[in-house]
Amino acid sequence: EPFVQEEDPAAKAAAEKKKHEQELARREEARRARALLATYTSTQDIESARSRALSPVKRQIESIEADITRLQKQINELKKKGGAQNQSVIESARSQMETQTSLLNYKKKEAEDINARYDDDKKRYIELTGGR
């Protein structure tokens, strides 16, 4: 009789697991597509939502930039006056400026992330609707 090799149970389990994971991923993608289509009726809706999401971040960025400008002006004025008593105020202003600069970078990254998310949504919406 010819030798009949039995199927490896571990390989069979791995294949079933992979198939199950693929099915879960397919279902999740379908759910996300339905949610996207239920959320937006046009690409203009996506742009409006992007604008609403970016609005508070843009205001925060403008405020932080104004604070940085004010602190830099304060430092420049204190440097002109000179004196040891102003040195601690200058150091404090520099510290505040570093904090504000870090916050500014964080907010700019937040704006980039928002734009990327809405770019992805818009691209996917166009794929799903055929550009309608």
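**Fold, form and pocket**

Analyst: The secondary structure of the protein chain consists of three helices and zero strands, where helices (H or I, at least four residues) and strands (E, at least two) are DSSP runs numbered from the N terminus. This is a predicted model, in which local features need pLDDT of at least 70, side-chain atom pairs count only at pLDDT 80 or more, and totals for chains, interfaces and linings use all residues. Residues are numbered from 1 along each chain as its sequence is written, and side-chain values use heavy atoms, with hydrogens and water left out.

User: What pattern does the protein chain follow along the sequence?

Analyst: The chain holds three helices and zero strands. Read along the sequence, the pattern is therefore written with helix symbols alone, since runs are numbered from the N terminus: α-α-α.

User: What radius of gyration does the protein chain have?

Analyst: The C-alpha trace spans about 100 × 45 × 15 Å along its principal axes. The radius of gyration is taken over C-alpha atoms, and the globule rule is 2.2 Å times the number of residues to the power 0.38. A compact globule of 132 residues would have a value near 14 Å, but the protein chain has 28 Å.

User: What percentage of the residues in the protein chain is buried?

Analyst: Buried means under 20% relative accessible area (1.4 Å probe, protein chains only). Of the 132 residues in the protein chain, the buried share is 20%.

User: Which helix gives the most to the lining of the largest pocket?

Analyst: Helix H1 (9–39) and helix H3 (84–129) each supply at least two lining residues. With six residues, the helix that gives the most is H1.

Methods
Buried means under 20% relative accessible area, exposed over 50%, partly exposed in between (1.4 Å probe, protein chains only).
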